[in-house]
Amino acid sequence: MGDQPPKSIEELMKLLAMGQELTPSQQKEMKDYRFWKTQPVPHLDEKITKEGPIDKLKTPNDIPNEPLPLIKDFEWVTLDIGNDSELDELYKLLYDNYVEDTDATFRFKYSHEFFKWALKPPGWKKEWHCGVRVKETGKLVAFIAATPVTIKLNKSGTTLTSVEINFLCIHKKLRNKRLAPVLIKEITRRVNKNDIWQALYTGGSILPTPLATCRYQHRPINWSKLHDVGFSHLPPNQTKSSMVANYALSNQTKLKPRLMEEHDVEQVLQLLHKYQEKFDIVQLFKPEEFKHWMLGNGNSNVIKAYVVENEKGDITDFFSYYLLPFTVLENTHHDELGIAYLFYYATDSKEIKSRLTDLINDALITAKQFSVDVFNCLTSQDNSFFLKNCKFGSGDGYLNYYLFNYKLFPINGGIDEDKQVKEDETSGVGVVLL
């Protein structure tokens with residue numbers, strides 16, 4: 001990092017909510033909402049009086065069979081995620097253009113295994129991996145993906161067959177070509193042809209119109225390393241030793257969780273679905289989907305899921321998190337930062353605060369063995385019950401949740417009007433997106 005002032009962990013966490021960085025010109029365009037005005041989404045400041053789909057008159061036969069026209073010199077492609085060379089192209093596109101800090105010292109370190117886990121759940125479709133290439137060179141310069149997800153709105157009991165939209169990425173040199181709206185329209189066309197009309201997506205930018213907003217939370221595990229790479233600073237009146245001691249974790253778990261196995265899937269899924277009845281919006285998993293998201297391909301380096309059993313051998317609790325490290329550039333001591341993201345969890349305990357504190361503290365302890373340096377989550381689910389006791393701190397990043405072609409009453413994202421954590425209060429957001 002040389003003589004540069006150290007970067008705070010809050011500043012870096014903010015990037016995790018941004019997707020791709022925006023140039024000043026793009027920010028101005030977003031402000032005008034030139035594209036979103038034309039889409040079936042709630043208007044900003046619109047008072048929702050009734051929930052339901054916005055545009056509900058179409059059928060797949062009403063949707064064009066051909067892709068939208070692209071500016072000349074570019075062509076649509078469908079990326080083959082099963083092809084290692086095409087996965088390498090996707091990796092390079094995201095590595096160079098997706099999310100990085102202003103000094104370009106940290107970048108997401110995706111792996112082939114991560115892409116296959118994130119983009120090929122049960123029900124995935126090849127045509128939903130949508131790319132743009134330069135005709136002359138074949139270079140991949142843009143990408144957007146959709147994956148199947150079934151959403152349940154607990155207050156109304158409505159179930160929506162939907163998709164999650166993710167990995168929208170455009171080469172930095174093409175950010176002024178207004179490719180993003182074209183990519184969104186094209187993935188919408190491809191999804192609509194399968195008779196799916198809703199999509200769930202997240203972003204750090206305010207678009208029309210968030211159904212909920214959550215705030216990023218982070219828990220340092222290896223504070224010394226975070227400080228070494230300029231990821232966290234030394235607060236006034238503290239020493240390095242005191243910071244290390246503050247975030248020290250036991251080597252022994254309290255609830256003795258074990259790694260989840262395939263034979264646990266049905267029991268854990270029942271536990272999760274029952275636990276999630278308290279949230280306003282959740283994901284409904286089929287057993288094969290839950291197996292994929294919790295176990296990956298068996299001994300996964302991406303997703304970690306643990307269960308807690310009682311004396312009878314019944315599963316009483318579970319937690320999961322996924323691993324997506326940062327590459328550290330221009331640092332002589334460290335080349336990677338281990339990052340974990342809290343995924344789904346559940347418990348049958350009535351003592352929610354103490355039980356979740358113990359459960360997530362055990363998650364932090366298990367994460368150490370996978371070289372995790374910082375553990376992240378949002379103010380979603382029941383996270384506010386353990387954040388303080390597990391020594392999470394609020395970041396500067398916010399994640400907005402959106403539902404395409406559907407109006408919903410606003411949902412509590414776990415923060416108040418001043419964007420502070422609503423401590424010991426269940427949020428309405430029970431769905432976790434990558």
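A: A disulfide is taken here as a pair of cysteine sulfur atoms within 2.5 Å. In general, a disulfide is a covalent bond between the sulfur atoms of two cysteines. The model is predicted: local features need pLDDT of at least 70 and side-chain atom pairs count only at pLDDT 80 or more, whereas totals for chains, interfaces and linings use all residues. Residues are numbered from 1 along each chain as its sequence is written, and side-chain values use heavy atoms, with hydrogens and water left out.

Q: How many disulfides does the structure hold?

A: The structure holds zero disulfides. Cys-214 is in none, and the nearest cysteine sulfur, that of Cys-377, is 9.9 Å away.

Q: Are Cys-214 and Cys-390 buried or exposed?

A: Buried means under 20% relative accessible area, exposed over 50%, and partly exposed in between, with a 1.4 Å probe and protein chains only. Cys-214 is buried, at 0% relative accessibility, and Cys-390 is buried as well, at 1%.

Q: How many cavities of 30 Å³ or more are counted?

A: On a 1 Å grid over the protein atoms alone, a cavity is a set of points where a 1.4 Å probe fits but cannot get out; lining residues have an atom within 4 Å of a point. Points are joined across faces, edges and corners, and a volume is the space filled by probe spheres set on them. The count is three cavities of 30 Å³ or more.

Q: What lines the second largest cavity?

A: Its lining includes Thr-147, Glu-164, Trp-293 and Leu-434. Strand β5 (residues 140-153) gives the most, with three residues; strands are DSSP runs of E, at least two residues, numbered from the N terminus. The lining divides into eight nonpolar, two polar and one charged residue.

Q: Which strands pair with β12?

A: Two strands pair if DSSP finds at least two bridges between them. Strand β11 (residues 303-309) pairs with β12 in the antiparallel sense over seven bridges, and Lys-304 has Tyr-321 of β12 as its bridge partner. These two strands form a hairpin with five residues between them, where Gly-313 in the turn has a positive phi of about 90°. Strand β15 (residues 339-347) is also antiparallel to β12, over six bridges, with Tyr-322 opposite Tyr-341 in β15.

Q: Why is β12 described as largely enclosed?

A: Nine of the nine residues of β12 (residues 315-323) are buried, so the strand is largely enclosed by the rest of the structure.

Methods
1 Å grid on protein atoms, 1.4 Å probe; cavity = no way out; pocket = protein on both sides within 12 Å on 5 of 7 lines; lining within 4 Å. Helix = DSSP H or I, 4+ residues; strand = E, 2+ residues; numbered from the N terminus. Nonpolar A, V, L, I, M, F, W, Y, C, P; charged D, E, K, R; others polar.
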